[in-house]
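My notes are below the display.

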Amino acid sequence: MKHTRKIKELTKILILKFLEEEPLHGYLLISKIGEITGISVSPSMVYPILSNLKTNGLIEVEKTEDRGKKIYKLTETGHSFLDENREKVDYCMKKSEALYYFHNGGGSELKKAVHLAFEEFMNIDDEKRKKIGEIMQKCAKDIRYLIEYGDE
């Protein structure tokens, strides 16, 4: 729950930041979020955020294209919000860059592998459980060591 809330807040800030640069429609916002963070956000997350931002007066629909695509733009209130929260915006941009490098540097694969191990732990024999445990312990130890002490 807390993780989802953080992703939604990051997505909100990214949407506002992207709309500060140029008017965009929802699909392009989703694509840009994926490009900058390395994670995919679903339309079911983005469109309610867009609706909320519109309700709060931070964005508005500039025009509606063929096939009902809405082009969103930042309002003056949205510009003021970004100006007043520039430190938070800068943090979110740095966080987005970190997410990108983390996910593309193996974080996504590691997450999938750990999730698979968790899901299958009850169905595998003790020898495999022990081996997976050893691998996870070594991986965790190596990551902590590298972060705390560098390449020494």
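**Ground rules**

I worked on a predicted model, in which local features need pLDDT of at least 70 and side-chain atom pairs count only at pLDDT 80 or more, while totals for chains, interfaces and linings use all residues. I number residues from 1 along each chain as its sequence is written, and side-chain values use heavy atoms, with hydrogens and water left out.

I take helices (H or I, at least four residues) and strands (E, at least two) as DSSP runs, numbered from the N terminus.

**The sheet**

I looked up the strand order first. I found 3 strands in an open sheet, in the order β1-β3-β2, with antiparallel pairing. β1 (24–25) and β2 (59–64) are at the edges with a single partner strand each, so one side of each has no neighbour in the sheet. Two strands count as paired if DSSP finds at least two bridges between them.

I then went through the pairs. β1 is joined to strand β3 (residues 70–74) by 2 bridges, and the two run antiparallel. On this side I noted H25 opposite I71 in β3, and Y72 in β3 as the bridge partner of L24. Between β2 and β3, also antiparallel, I noted 5 bridges. There E60 stands opposite K73 in β3. β2 and β3 form a hairpin with 5 residues between them, and R67 in the turn has a positive phi of about 65°.

Is H25 buried or exposed? I have H25 as buried, at a relative accessible area of 10%; the cut-offs are under 20% for buried, over 50% for exposed and partly exposed in between (1.4 Å probe, protein chains only). H25 lies in strand β1. Leaving out residues up to four places away in sequence, H25 touches E65, K69, K70, I71 and Y72; contact means heavy atoms within 4.5 Å.

G26 belongs to helix α2 and is buried, with a relative accessible area of 2%. Beyond its neighbours within four places in sequence, G26 is in contact with Y47, L50, K70 and Y72. I also noted the C-alpha to C-alpha distance from G26 to V46, which is 7.4 Å across 20 residues of sequence.

**α2 against α3**

Two packed helices are described by the angle between their axes and the distance between the axes. The axes of helix α2 (residues 26–37) and helix α3 (residues 43–55) come within 10 Å and cross at roughly 120°. That makes α2 oblique to α3. For these values, axes are lines fitted to C-alpha atoms, for helices over the stretch in contact, and angles run from 0 to 180 degrees between N-to-C directions. Angles under 35 degrees count as roughly parallel, over 145 as roughly antiparallel, 65 to 115 as roughly perpendicular and the rest as oblique.

Which residues meet here? I listed G26, Y27, L29, I30 and I33 in α2, meeting P43, V46, Y47 and L50 in α3. By class, the contact of α2 with α3 has 8 nonpolar, 1 polar and no charged residues. I counted Ala, Val, Leu, Ile, Met, Phe, Trp, Tyr, Cys and Pro as nonpolar, Asp, Glu, Lys and Arg as charged, and the others, Gly among them, as polar.

**α2 against α5**

The axes of α2 and helix α5 (residues 86–120) come within 6 Å and cross at roughly 70°. That makes α2 roughly perpendicular to α5. E35, I36 and T37 in α2 meet M93, S96, E97, L99, Y100 and H103 in α5. By class, this contact of α2 with α5 has 4 nonpolar, 3 polar and 2 charged residues.

I checked E97 of helix α5 separately. E97 counts as partly exposed, at 44% relative accessibility. E97 and E22 are 75 residues apart in sequence and 20 Å apart in space, C-alpha to C-alpha.
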